[in-house]
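Here are my notes on the model you asked about. Please read them with the structure open.

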Amino acid sequence: MNYLAHLYLSGESEGSIIGNFIADSVRGSQFMNYPDRIKEGILLHRRIDSFTDKHEIVRKSKLRLMPEFHKYSTVIVDVFYDHFLAANWEEYSSVPLRKFCDSVYALLQKNAGMVPVRSAFFLHYMTTNDILFHYRSIEGIGKALRGLSYRARFKSNMHLAHLKLQKDLDLYKAEFDIFFRDLQKEVAKPRE
């Protein structure tokens with residue numbers, strides 16, 4: 001899952017939100033250097049990623065994109081799924097998307113001193129361009145994917161991926177709906 005889903009699944013814990021946001025920049029056991037609530041967010045992020053990577057529905061979505069986007073299919077599906085969460089936000093949250101995004105941006109900016117450099121760059125980009133809120137539109141997804149394409153190490157064609165989303169919108173939406181219900185159940189389970 002991409003940023004919006006990770007942040008949403010963090011619940012109301014500020015530490016968990018921060019940890020979930022920075023998790024991709026925290027390697028191995030480095031998470032032990034953070035306060036407990038942030039550690040919980042980092043571990044939750046890893047749990048979400050592990051569940052997502054193994055889910056059969058996610059694999060189907062990725063395989064459809066694989067011929068054109070190769071290894072970047074994983075990233076593209078993450079962004080597509082964030083689109084469906086944002087576009088159908090009222091099905092998942094009683095807090096309006098605008099209010100949720102603004103509160104997350106404010107929280108992360110207030111705690112920017114705890115954010116690793118790699119995450120800090122994205123935090124600036126995300127807040128400046130209001131990425132989370134704009135995920136709700138195909139145009140917003142297109143812009144996000146163009147940004148990812150620009151930063152990719154190898155030729156990715158990600159700047160064209162939003163056209164695949166438009167073409168098979170109903171199919172990706174149906175896959176997201178099944179997967180996200182499963183993911184919410186997984187996150188609700190107590191940690192072992």
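The points below cover the basis of the model, its core, a pocket and one glutamate.

1. This is a predicted model: local features need pLDDT of at least 70, side-chain atom pairs count only at pLDDT 80 or more, and totals for chains, interfaces and linings use all residues. Residues are numbered from 1 along each chain as its sequence is written, and side-chain values use heavy atoms, with hydrogens and water left out.

2. The largest nonpolar core has 61 residues, and Phe-21, Phe-80 and Leu-132 touch the most other members. Helix H5 (residues 73-87) gives the most to this core, 8 residues. A nonpolar core is a set of buried Ala, Val, Leu, Ile, Met, Phe, Trp, Tyr and Cys residues joined through side-chain atoms within 4.5 Å. Buried means under 20% relative accessible area (1.4 Å probe, protein chains only). Helices are DSSP runs (H or I, at least four residues), numbered from the N terminus.

3. Look at Phe-21. Beyond four places in sequence, Phe-21 contacts residues including Tyr-3, Leu-7, Leu-108 and Met-126. Contact means heavy atoms within 4.5 Å.

4. Which residues lie nearest the centre of the second largest pocket? They are Gly-11, Glu-12, Ile-17, Phe-100 and Ser-103, out of 15 lining residues. H6 gives the largest share of that lining, 7 residues. Lining residues have an atom within 4 Å of a point on a 1 Å grid over the protein atoms alone; a pocket is an open set of points where a 1.4 Å probe fits, with protein on both sides within 12 Å along at least five of seven lines.

5. Glu-186 sits in helix H11 (residues 169-188). Glu-186 counts as buried because its relative accessibility is 17%. Glu-186 touches Arg-47 and Phe-51, setting aside residues up to four places away in sequence.

Key: Helix = DSSP H or I, 4+ residues; strand = E, 2+ residues; numbered from the N terminus. Buried < 20%, exposed > 50% of the residue type's maximum accessible area, 1.4 Å probe, protein only.
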